[in-house]
Amino acid sequence: MPGDDDEEVENGLFVSLVIPEGAVAGVDSLTFQYGDDGGQEFEVLIPEGSVAGDVLRIQVGERDLTTPTSDGDSSKANAKSPKSSLLEELGGGESDESSPIGSSKSAGNDDIEVVRLGDGTVLKLGSSQKQTQGQGDGDGTSVMVWPAGRILAETLTSNLGIEFLNDIIKKSDGDPIRCLEVGSGLGVCGLALAHALSAVDGAKPQCEVLLTDLCVNALNENIRRNPPPSPNVRVSAGSHTWGNALQFKTDEFKLIIGADLIYDSKKPFGPLLSTIYHQLDRENGVVVLAVRWRKPDLERCFFAQAEEKGLVFELWPSFVNSEFSNRCPCKLSWEEYGNPQCEASNEYFHNRKVMVDGKLLPFSGITEVDMEKMSANEYLSFEESQIQLLTGRFSDAKNRKKLRLN
């Protein structure tokens, strides 16, 4: 349990956490709140080698005792965050407005982030030194796991995800199953997919999962950290720029997955669509995308452009009626979501309530000020409520209506 009192030593601000009985080092985490008015909730991974009863001293900042605030309080408002402080490690710095907002890294084990999958499996994911220092070719979004990625990873490794994969394997008639993840980041979804394929019952063909992104340093490290449990499943990584031909095998993929790919609506969707269009198996291929909506009017264009190419997306039917429906409750189609001309969408956002600082407020009226007031759990709930899982398949115009009804 967290200690009751913060300690100040040589102007440093610390929190003491006692490791409880039964906690597993390197897997379990401790949580505490820091800041004014209840503060923000933080999660700390228990370091390897720790045992029950050990006390972790976490530096959360450094006080500036010489410059008080306007009300005479020199605590949080003037707290400095040195490089070694937990606040900076957990993403306390300024954020890029074009980047999706998500969960923070776990402290106590360098840059390792722990993700528990739907089947209870634990992934340990790290961002490489080159990526964290900006030396890679990525846009900075690949140094942590975002909520949409967690949702997709948990879903793929849940019973519904394994049943979904089993159906793909049955349709393959024993042929190898090739899967592609685009925009892999740290690889949480692709690695989860590899574990899910390993968990499918009965005899299964050879399965290949290819993780792709601009920078693959972290991907290669995380593949080594989290090998699939089945010898029939092979995972690899490769650098890829959307719209370009893959520099690896050119066979079509039975499954393509991705999470939070259209967050930057300022960029054209053509390159991403081109990659999916040219790499997806025409007959039995399926795309699964986890979408965290931000600017629906612009993001709906992605799915409209996909449909023009004969690639039709719909809500994953099994997902919207699963145990995940409490976390991701929206059942609006992509055409409806955030569309001011759609009555169902207007009713959803007017009637849907969001918890802000312990109070329920209408979803449609949430402001940036409200978001800043949210606790960590309230904010995560807010994020997940804007996530949908959609599946896409090739279909000619005659079959599109039939596809949506199935």
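Buried denotes a relative accessible area under 20%, exposed over 50%, and partly exposed the range in between, computed with a 1.4 Å probe on protein chains only. The structure is a predicted model, in which local features need pLDDT of at least 70 and side-chain atom pairs count only at pLDDT 80 or more, whereas totals for chains, interfaces and linings use all residues. Residues are numbered from 1 along each chain as its sequence is written, and side-chain values use heavy atoms, with hydrogens and water left out.

**Figure 1. Overview of the protein.** The protein holds 13 helices and 16 strands; helices (H or I, at least four residues) and strands (E, at least two) are DSSP runs, numbered from the N terminus. Of the 406 residues, 50% are buried. Contacts are heavy atoms within 4.5 Å; among those between residues at least 6 apart in sequence, 69% join residues at least 24 apart. The accessible surface, from the Shrake-Rupley method with a 1.4 Å probe, comes to about 19900 Å², and 46% of this area belongs to carbon and sulfur atoms.

**Figure 2. The aromatic pair F269 and F302.** Rings of Phe, Tyr and Trp (its six-membered ring) pair if their centres lie within 6.5 Å; planes under 30 degrees apart count as stacked, over 60 as edge-to-face and the rest as tilted. The whole structure contains 15 aromatic pairs. In the pair shown, the ring centres of F269 and F302 are 5.7 Å apart and the planes stand at 85 degrees, so the arrangement is edge-to-face. Distant parts of the chain are linked here: F269 lies in the loop between strand 11 (255–259) and helix 7 (270–279), and F302, 33 residues apart from it, lies in helix 8 (residues 296–308). F269 is buried at 9% relative accessibility, and F302 is buried at 0%. Both residues belong to a cluster linked by ring pairs, whose other members include W293, F303, F313, W334 and Y337.

Figure 3. Y277 is partly exposed, with a relative accessible area of 25%, whereas F394 is buried at 17%. A charge sits over a ring if NZ of Lys or CZ of Arg is within 6 Å of the ring centre and within 35 degrees of the ring normal. The charged end of R282 sits over the Y277 ring, 4.3 Å from its centre. K309 also lies over the face of Y277, at 5.0 Å from the ring centre.

**Figure 4. Strand 13 and its pairing with strand 16.** Strand 13 (residues 311–315) has five of its five residues buried, so the rest of the structure largely encloses it. Two strands pair if DSSP finds at least two bridges between them; strands 13 and 16 run antiparallel and are joined by five bridges. L315 has L390 of strand 16 as its bridge partner. In a regular strand, side chains alternate between the two faces of the sheet.

Figure 5. Helix 5 (residues 188–199) has 12 residues and reaches 17 Å from its first C-alpha to its last, close to the 16 Å expected at 1.5 Å a residue. The expected span is 1.5 Å times one less than the number of residues.

Figure 6. Helix 4 has 13 residues and reaches 19 Å from first to last C-alpha, close to the 18 Å expected at 1.5 Å a residue. Its buried residues are L160, G161, I162, F164, L165, I168 and I169. K170 is found in helix 4 (residues 159–171) and is exposed at 59% relative accessibility. K170 and K204 are 34 residues apart in sequence, with C-alpha atoms 8.9 Å apart in space. D173 lies in the loop between helix 4 and strand 8 (177–181) and is exposed at 69% relative accessibility. Although D173 is not a glycine, it has a positive phi of about 55 degrees.

**Figure 7. The loop residue D357.** D357 is placed in the loop between strand 14 (353–356) and strand 15 (359–362). Its phi is near 55 degrees, a positive value in a residue other than glycine.
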